[in-house]
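Me: Got a model open here. Can we go through how the helices pack?

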Amino acid sequence: MPSRPVGLWIAIAGVAAAIGAAAYYAFLWEPRPAPAVSGTAASPSPGPEPRAALGGRGHAFAIPPLDASDSVVRTLVQALSESPAVMAWLPTNGLIRNFTVVVANIADGVTPAKLLKVLKPTAAFRVVDRGGTYVDPRSYDRYNSIADAVASIDPAGAAKLYATLKPRIEEAHRDLAASSESFDRTLERAIVALLDTPNVDSPPRLRPKGIGYGYVDDRLEDLTPAQKQLLRMGPRNVRIVKARLREIALALGIPPSHIPAR
């Protein structure tokens with residue numbers, strides 16, 4: 001298990017930030033022609049309802065070019081939260097590009113920890129022997145500031161910020177050249193993936209794995225690296241993060257039917 005946290009840029013930047021229904025409409029749905037009736041032309045089946053853009057309408061002002069946008073982003077994010085964790089992240093250069101890559105990583109199941117070194121906890125990961133190796137609950141306290149930063153975000157303000165910055169976010173997303181999907185769908189997949197992380201109330205049992213640890217419970221070991229990083233924050237922090245992410249998802253306009261149940 002890696003020692004760095006999942007820096008939930010989605011929430012920290014104010015946007016956070018089922019593959020089932022979402023992927024069905026975004027990637028897998030193909031209209032089937034209606035059965036042909038003798039003497040008449042076949043009519044195509046109606047396509048899925050158009051998806052509304054996430055975030056609604058942003059603030060009406062000119063956003064600087066992508067590579068000159070950091071100062072504006074810092075001002076907007078500071079207005080959303082003054083959490084110490086947020087302040088620690090803001091000196092990062094290329095904030096929108098950083099956000100875009102982090103969200104894409106989470107959507108694809110990859111941990112974005114290497115992009116968020118400023119949020120790495122100073123205390124070491126700890127285990128305890130209880131007839132087996134378990135996560136030491138004191139390790140969870142290292143992530144309280146991250147969870148509190150997420151909790152400090154106003155969901156409506158987060159959605160407004162996302163809509164305001166979306167033109168530059170989409171530009172950064174196109175520069176990745178990794179996918180033809182819109183960033184709205186990438187963001188939705190990332191949020192849904194994190195909300196799909198299970199709640200685990202008791203410290204899980206661990207087993208040696210490489211230079212670190214893996215979970216004995218296959219259900220946890222089979223989670224994506226991004227989900228495992230969220231799980232490592234501990235039950236209190238996971239619930240805080242997921243509760244606020246769920247509110248942000250709704251404020252963004254992600255359909256409730258796409259949002260995993262608690």
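Me: At what angle do the axes of H7 and H8 cross?
Reply: Roughly 100 degrees, and the axes of H7 and helix H8 (residues 183–195) come within 10 Å. H7 and H8 are therefore roughly perpendicular to each other (65 to 115 degrees counts as that). The model is predicted: local features need pLDDT of at least 70, side-chain atom pairs count only at pLDDT 80 or more, and totals for chains, interfaces and linings use all residues. Numbering starts from 1 along each chain as its sequence is written, and side-chain values use heavy atoms, without hydrogens and water.

Me: Which residues in H7 meet H8?
Reply: Tyr162, Lys166, Ile169, Glu170 and His173. Their partners in H8 are Phe183, Asp184, Thr186 and Leu187. Contact means heavy atoms within 4.5 Å. By class, that contact has 4 nonpolar, 2 polar and 3 charged residues.

Me: And H5 against H7, what angle there?
Reply: About 60 degrees, with the axes 9 Å apart; H5 spans residues 95–107 and H7 residues 155–176. That makes H5 oblique to H7. The crossing is right-handed.

Me: Which residues of H5 are involved?
Reply: Ile96, Arg97, Phe99, Thr100, Val101 and Ala104. In H7 they meet Arg168, Ile169, Ala172, His173, Asp175 and Leu176. The H5 contact with H7 has 7 nonpolar, 2 polar and 3 charged residues.

Me: Switching to H6. Which residues are buried?
Reply: In H6 (residues 144–151), Ile146, Ala147, Ala149 and Val150 are buried (under 20% relative accessible area, 1.4 Å probe, protein chains only).

Me: Where do they sit around the axis?
Reply: They cover an arc of only 155 degrees, which puts them on the same side of H6.

Terms used
Axes are lines fitted to C-alpha atoms, for helices over the stretch in contact, and angles run from 0 to 180 degrees between N-to-C directions. Helices (H or I, at least four residues) and strands (E, at least two) are DSSP runs, numbered from the N terminus. Angles under 35 degrees count as roughly parallel, over 145 as roughly antiparallel, 65 to 115 as roughly perpendicular and the rest as oblique. A crossing is left-handed if the near helix is turned anticlockwise from the far one by less than a right angle, and right-handed if clockwise. Ala, Val, Leu, Ile, Met, Phe, Trp, Tyr, Cys and Pro count as nonpolar, Asp, Glu, Lys and Arg as charged, and the others, Gly among them, as polar. Buried means under 20% relative accessible area, exposed over 50%, partly exposed in between (1.4 Å probe, protein chains only). The arc is that of the directions from the helix axis to the C-beta atoms.
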